[in-house]
Amino acid sequence: MDFDASRQFALALDAEDPLRGFRDEFNFPEPRNGNSCIYLCGNSLGLQPRQAVQLVDEELEDWGKLGVLGHLQARRPWLPYHRQATKGIAELTGAGPHEVVSMNTLTVNLHLMMTSFYRPTRERRKILIESTAFPSDRFAVMSQLQLHGGDPGTDLIEWSPRKGEAELRASDLAKILADHGHSIALMLLPGVQYYSGQVLDMPELCRLARDTGCHIGLDLAHAIGNVPLELHDWAPDFAVWCSYKYLNAGPGAIGGVFVHERHLRETSAPRLLGWWGHEEKSRFEMAATFTPARGVEQWQLSNPPILSFAPLLASLQIFHRAGMHRLRRKSADLTAYLAELLQHRYPRRVVSITPENARGCQLSLQVVDASCDARRVFDSLELQNVIADWREPDVIRVAPVPLYNRFEDVHDFVERLGIALDA
Ligand SMILES: *Cc1c(COP(=O)(O)O)cnc(C)c1O
């Protein structure tokens, strides 16, 4: 990209953007204090697809008109509702349709998957996570260790960035595995690290797990809808995600899981059971014996929450039309443009801790100008109607999202950041 810092340049990039029309399919927060909203928080809660409103309305209408008959007679029958999402999720994750299902929420799914894939033995009972893991993941792992009589003080192994760095280096992980691999039962690692925005080398992590002889689960909360995924080929044992971040399915929306094909036949793998994991055709015979559904659907517990599911269908239709590879290309351009503009405008005042060669939509910024209070800078951005987020102790996360953010947004964000720095 022949870079130029003018607003004109940003407008020209937008004019050439083949995906620019998708922005009109989303609802944006309102102007405040005379400023239009610059929304850079799709990594935390994606914006509302306009069509989501219609789909939720239709479910409410069908419920009103049909009552219980909606299970079979709604325009999208509720009984097999989860299958409406399967194709779209399989596309985004690079999985077979029998390997993915939308259900529950992320942390619940993490527990369900660990129930099946954390199988400690006397020799192998440790779990490896990264030291900056999202607290919910850490708590889930700690409690799983305790459930099995382990001690998080000794059974939790952490892969840390080097001192003074934010980046997780796979070569450091390989060293830990060379020393401790024989005692590790499970690695739980992110696809994209939520704090630094680093995209981890997922195929390499899966390869290391295979060589170590342990299970691996990927937390894709910040990866799904952000970067292309090839789960079937990378072959982790399982993966989990939420769909309210880059997938725009709304607050508390339905999450999902992937279980690799190789585990779908061994019915001996332990799991927690519920009636929605029972094969569909005989489910309502209400028999006392459990006949598993085919594929990953056998991990389902309950009938799905239709109202928190409908917005996901709207969003998946948009992703299908836009195409993940086209989105990724635009995202790389948006992020590169943001990085370059920051470097050009505030070279010694703001830095990104996100590794340049391993980033998705998000840049994690630190204000390094000693004359500025970083938290005040963030507050000033908020007053100017820039929606980004603050992560303790000192990071401002900004995520231009290719479905609805423009180069113009990035340009104007950098302008408003200048006002905040000088405030
Ligand atoms: C967003 C996020 C969560 C949130 O978990 P919920 O169960 O959906 O509340 C958990 N882990 C990671 C890594 C996340 O980024």
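Trainee: Why is Met286 called exposed?

Mentor: Met286 has 55% relative accessibility. Exposed means over 50% relative accessible area, buried under 20%, and partly exposed in between, with a 1.4 Å probe and protein chains only. So Met286 counts as exposed. This is a predicted model, where local features need pLDDT of at least 70, side-chain atom pairs count only at pLDDT 80 or more, and totals for chains, interfaces and linings use all residues. Residues are numbered from 1 along each chain as its sequence is written, and side-chain values use heavy atoms, with hydrogens and water left out.

Trainee: What is the phi of Met286, and where does Met286 sit?

Mentor: Phi is positive, about 55°, although Met286 is not a glycine. Met286 lies in the loop between strand 10 and helix 11 (306–322). Helices (H or I, at least four residues) and strands (E, at least two) are DSSP runs, numbered from the N terminus.

Trainee: Is Asn248 buried or exposed?

Mentor: Asn248 has 2% relative accessibility, so Asn248 counts as buried. Its phi is also positive, about 55°, and Asn248 is not a glycine. Asn248 is placed in the loop between strand 9 (238–241) and strand 10 (256–259).

Trainee: What makes the bond from Glu392 to Pro393 cis?

Mentor: Its omega is near 0°. Pro393 is in the loop between strand 14 (389–391) and strand 15 (395–398). Most peptide bonds are trans, and most residues other than glycine have a negative phi.

Trainee: Why are helix 11 and helix 12 called roughly perpendicular?

Mentor: Their axes cross at roughly 80° and come within 6 Å. Axes are lines fitted to C-alpha atoms over the stretch in contact, and angles run from 0 to 180 degrees between N-to-C directions. Roughly perpendicular means 65 to 115 degrees; under 35 is roughly parallel, over 145 roughly antiparallel, the rest oblique. Therefore helix 11 and helix 12 are roughly perpendicular.

Trainee: Which residues meet there?

Mentor: Phe319, Arg321 and Ala322 of helix 11 meet Met324, Arg326 and Leu327 of helix 12 (contact: heavy atoms within 4.5 Å). They divide into four nonpolar, no polar and two charged. Ala, Val, Leu, Ile, Met, Phe, Trp, Tyr, Cys and Pro count as nonpolar, Asp, Glu, Lys and Arg as charged, and the others, Gly among them, as polar.
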